[in-house]
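Me: I would like to learn how to read the features of a protein model, one at a time. Please give the general idea and then the case at hand.

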Amino acid sequence: MNQPVFDMELGKAQEKAIIKGKYYRITVLTDRLVRFEYNKNGHFEDRPTQLVLNRFFEVPVMTLKEDQNYLELTTKYFKIEYTKEKPFGGSKLIPGGNLRVTLLNVSAEKIWYVNHPEVRNYGSSNVLLEALESKIKLEKGLYSDDGFVSIDDSSSYVIEADGSVVPRSEESIDIYLFAYNKDFGLCLKDYFDLTGRPPLLPRYALGNWWSKNYSYKEEEIIKLLNKFDRNEIPISVLLLDKDWHIRNIDGKTNLTTGFNFNKELIPSPVDFVSKIHSLGVRVGLNVDPTQGIMPHEEAYVKAASYMEQPDNKTIPFNVYNAKFRAVYFNLLIHPLENIGIDFFWNDYYNKKDDVSLWLLNHYHFFDAGRNDSKRSMLMGRNAIKGGHRYGVLYSGRTKVSWNTIKLLPSFNSSSSNIGLSWWSHDIGGFHTGIEDKELYLRYVQLGTFSPIFRIHVDKGKYYKREPWRWDVQTYQIIKDYMRLRHRLIPYLYNEAYKYHKVGTPLIQPLYYRTPKLYDEPLYKNEYYLGSELLVSPLTYKKDPVMDRVVHKFYLPFGTWYDFKTGKKFPGERSYVSFFRDQDYPVFAKSGSIIPLSNDVSNNTAAPKNMEIHIFPGRSNTYNLYEDDGVTNLYKQGYYILTSIDYNYQSNNYTVIIRALEGKSGIIPKERNYKIRFRNTKKAEDVVAYVNNTPVATNNYVDENDFIVEVNNVSTIGQLSINCKGKAIEIDAVRLINEDIDGIISDLPIETKLKDEIAEILFGELTIKRKRIEIKKLNKKKLEKKFIRMFIRLLEYIEQI
């Protein structure tokens with residue numbers, strides 16, 4: 001294997017940023033970030049650690065006042081006061097007596113000191129879900145109402161120049177303090193500059209994954225993928241669970257460790273992987289080296305010779321040993337990559353040894369990207385320190401239950417508080433529980449608008465994850481959302497690039513932009529998905545009589561549109577709405593620009609056919625990033641950045657699509673554009689130009705949207721579309737009466753009685769009087785369950 005080698009010089013801060021004594025060293029990394037070190041022997045650490053990779057920052061502006069015994073250091077954000085050479089921790093009576101940091105430019109005094117309880121920290125989800133079902137255990141995050149947070153790096157292992165990782169040789173205090181006031185975005189920037197940026201995942205990781213803990217034969221897998229294809233449901237990743245390798249041999253059964261294909265299931269692994277790739281699908285394998293390298297492995301003889309292992313015994317797993325790592329990667333992992341395996345799922349987990357998990361993730365991830373022809377990719381459990389650097393995070397094998405799905409949205413969004421975005425959960429749940437079509441639907445819909453869409457389920461004939469195993473209506477809804485997920489890849493990949501490049505999390509909780517809602521339990525599950533979408537997940541069962549989920553949600557300041565229906569919602573208020581199985585509460589703000597793929601295949605490459613949704617009411621610019629999606633060549637400038645500029649006026653709007661920077665040949669030479677102007681009337685006049693040359697367009701109305709199609713547009717040229725007309729926006733404000741009318745229409749009630757019910761509900765009577773009139777309908781044989789339901793509806797109306 002190639003050891004991941006780090007630039008050791010980046011571990012050293014600039015001398016002008018350092019204030020140093022006999023036992024202490026204070027390093028001001030930015031005007032919001034400071035490092036405090038204390039060592040009784042005066043030894044200080046400049047090597048990278050498990051968490052920290054870079055300390056070579058530009059020296060910030062600061063003011064230092066000091067004498068023989070005392071120092072005071074001030075930046076734009078904080079003031080440090082320290083009694084020189086004293087231990088950082090003060091007394092119980094005066095905890096900040098030796099060292100204190102005061103946050104500046106705040107309305108009320110905020111002071112940090114070592115061992116501060118930091119009780120106003122919002123916490124972060126960076127643990128596993130498989131042991132949880134009712135409540136998430138939050139760890140400390142970066143987001144705090146105090147405007148500061150400390151990270152203790154004292155116990156982290158350090159990284160040597162050759163890439164090996166070793167424990168610290170002596171006890172020291174090593175604390176990083178982020179004192180950012182309300183500038184959390186800058187706090188995240190400092191954190192990623194310090195610890196390393198999140199990687200740019202391969203583009204295929206954003207598509208639909210299929211995984212099942214099942215002993216698939218090769219022909220079964222091909223048949224399965226062909227059936228997905230016939231049903232026009234794209235699959236981008238096939239992730240094989242443990243049964244791909246030999247599990248029962250030499251008297252051993254149910255082995256979890258293995259590196260050779262089970263030839264009884266897959267006779268020719270090379271041909272098998274080639275066939276899967278020919279379908280446009282990537283292949284990942286589950287690996288768990290816990291049980292070591294056993295004698296039945298094809299590489300065992302070479303491995304045993306190198307490790308000097310006698311007597312044909314199992315070579316024990318030891319990720320701390322450089323020789324074992326060399327054997328593991330060179331003799332076991334690389335041969336699998338050589339036959340075309342695209343990435344690995346590191347299923348190793350040791351509750352008593354987080355460092356071993358961290359090491360295995362660390363070496364796996366960097367080894368995977370050793371050549372520029374292949375981007376690093378890994379799925380594994382989170383080892384806490386620097387988890388954002390190691391690809392997709394696996395939350396564990398979760399239970400099939402409504403309790404589990406209720407945890408997922410806030411789990412994902414609070415993870416952003418420690419810079420994590422790429423959580424992957426078992427869609428539908430992995431094991432136990434009861435198969436429930438409504439639960440599975442809501443899982444699929446949530447997965448559609450989540451960082452990773454990965455279906456994964458345990459062995460068992462009656463676990464139903466294949467969409468066609470449900471009734472026709474459920475199948476169609478699942479199909480629609482899985483297709484939508486695939487179409488969203490251009491948008492998701494662009495937001496993934498922003499996460500990689502500038503540290504903007506893909507998922508952000510609602511309270512980032514609306515802090516007052518942090519303690520509001522009704523809205524804790526809402527989150528932003530990228531810059532353009534807001535999601536309010538459905539995580540509980542529908543009303544069985546109404547056949548809808550009654551859902552309360554909040555929309556922040558501005559004007560919002562239902563992403564599916566286009567219905568308009570004024571913001572900065574709460575709503576109650578009623579959602580059918582096929583509905584899901586996803587909203588786009590006025591002016592939102594959302595690029596979608598119109599290519600129908602398993603391939604996740606930059607599309608030839610692109611549809612762009614543009615919502616009215618506000619001008620906006622969206623810069624779309626694209627590259628080859630699989631290699632590291634984007635680091636050498638092989639990418640293209642395209643500006644989608646929407647200029648909105650009430651009777652005149654323009655869209656200009658043009659390449660801003662990058663290189664040609666990265667994406668299709670020409671592209672067919674379908675511009676969908678949401679909630680917009682047919683324009684009276686439409687003109688389009690490509691590089692100042694007039695071109696023909698195909699214009700038409702699709703329900704409440706106006707469509708303009710332009711084909712064969714050069715992707716390095718400029719497309720300009722101008723539309724004119726009077727009062728172009730359709731007034732489609734969502735009305736509660738429309739929702740209720742739809743409910744009445746669907747109920748199995750005598751038709752004439754429906755008219756009477758509508759007259760009562762939509763009439764001018766008071767709510768109290770309407771209740772009385774509804775109750776009277778029992779004399780006309782309206783069933784009690786419907787009477788109770790309509791009384792509840794009146795309660796919702798009263799809330800509004």
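Predicted model: local features only at pLDDT ≥ 70, side-chain atom pairs only at ≥ 80, totals over all residues.

Me: How are the axes of helix α9 and helix α10 placed?
Reply: Two packed helices are described by the angle between their axes and the distance between the axes. Helices (H or I, at least four residues) and strands (E, at least two) are DSSP runs, numbered from the N terminus. Axes are lines fitted to C-alpha atoms, for helices over the stretch in contact, and angles run from 0 to 180 degrees between N-to-C directions. Here the axes of α9 (residues 472–487) and α10 (residues 489–502) cross at roughly 50° and come within 5 Å. The two helices are therefore oblique to each other; angles under 35 degrees count as roughly parallel, over 145 as roughly antiparallel, 65 to 115 as roughly perpendicular and the rest as oblique.

Me: Which residues make the contact of α9 with α10?
Reply: From α9 come R485, H486 and R487, and from α10 come I489, P490 and L492, where contact means heavy atoms within 4.5 Å. By type they divide into three nonpolar, one polar and two charged. Ala, Val, Leu, Ile, Met, Phe, Trp, Tyr, Cys and Pro count as nonpolar, Asp, Glu, Lys and Arg as charged, and the others, Gly among them, as polar.

Me: What is the order of strands in the open sheet of six strands?
Reply: Strands of a sheet pair through backbone hydrogen bonds, either parallel or antiparallel. Two strands count as paired if DSSP finds at least two bridges between them. In this sheet the order is β32-β33-β34-β40-β36-β37, with antiparallel pairing. Its edge strands, β32 (620–626) and β37 (693–694), each pair on one side only. Strand β33 (residues 640–649) and strand β34 (residues 652–662) run antiparallel and are joined by ten bridges. D645 stands opposite I656 in β34.

Me: Is strand β12 mostly covered or mostly open?
Reply: Strand β12 (residues 173–179) is mostly covered, with six of its seven residues buried. Buried means under 20% relative accessible area, exposed over 50%, and partly exposed in between (1.4 Å probe, protein chains only). Strand β3 (residues 33–38) runs antiparallel to β12 and is joined to it by six bridges. Strand β9 (residues 148–152) is also antiparallel to β12, with five bridges. F178 of β12 is the bridge partner of L33 and of V149.

Me: Which residues is D190 in contact with, leaving aside its neighbours within four places in sequence?
Reply: They are T30, R32, L33, F57 and F178. D190 is in helix α1 (residues 184–195) and is buried, with a relative accessible area of 2%.

Me: Is L378 buried or exposed?
Reply: L378 counts as buried, at 1% relative accessibility. It belongs to strand β17 (residues 378–380). Beyond four places in sequence, the contacts of L378 include F344, N361, F365 and Y390.

Me: Where does R197 lie?
Reply: R197 lies in the loop between α1 and β13 (208–212) and is partly exposed, at 43% relative accessibility.

Me: How many disulfides are counted?
Reply: A disulfide is a covalent bond between the sulfur atoms of two cysteines. With the rule of a pair of cysteine sulfur atoms within 2.5 Å, the count comes to zero. C187 is buried, at 1% relative accessible area, and C723 is buried at 0%.

Me: What is the phi of I384, and of K781?
Reply: Most residues other than glycine have a negative phi, and most peptide bonds are trans. I384 is not a glycine, yet has a positive phi of about 75°. It sits in the loop between β17 and β18 (392–394) and is partly exposed, at 38%. K781, also not a glycine, has a positive phi of about 70°. K781 is in the loop between α13 (767–776) and α14 (784–799) and is exposed, with a relative accessible area of 77%.

Note on methods. Residues numbered from 1 in each chain as written. Heavy atoms only, no water.
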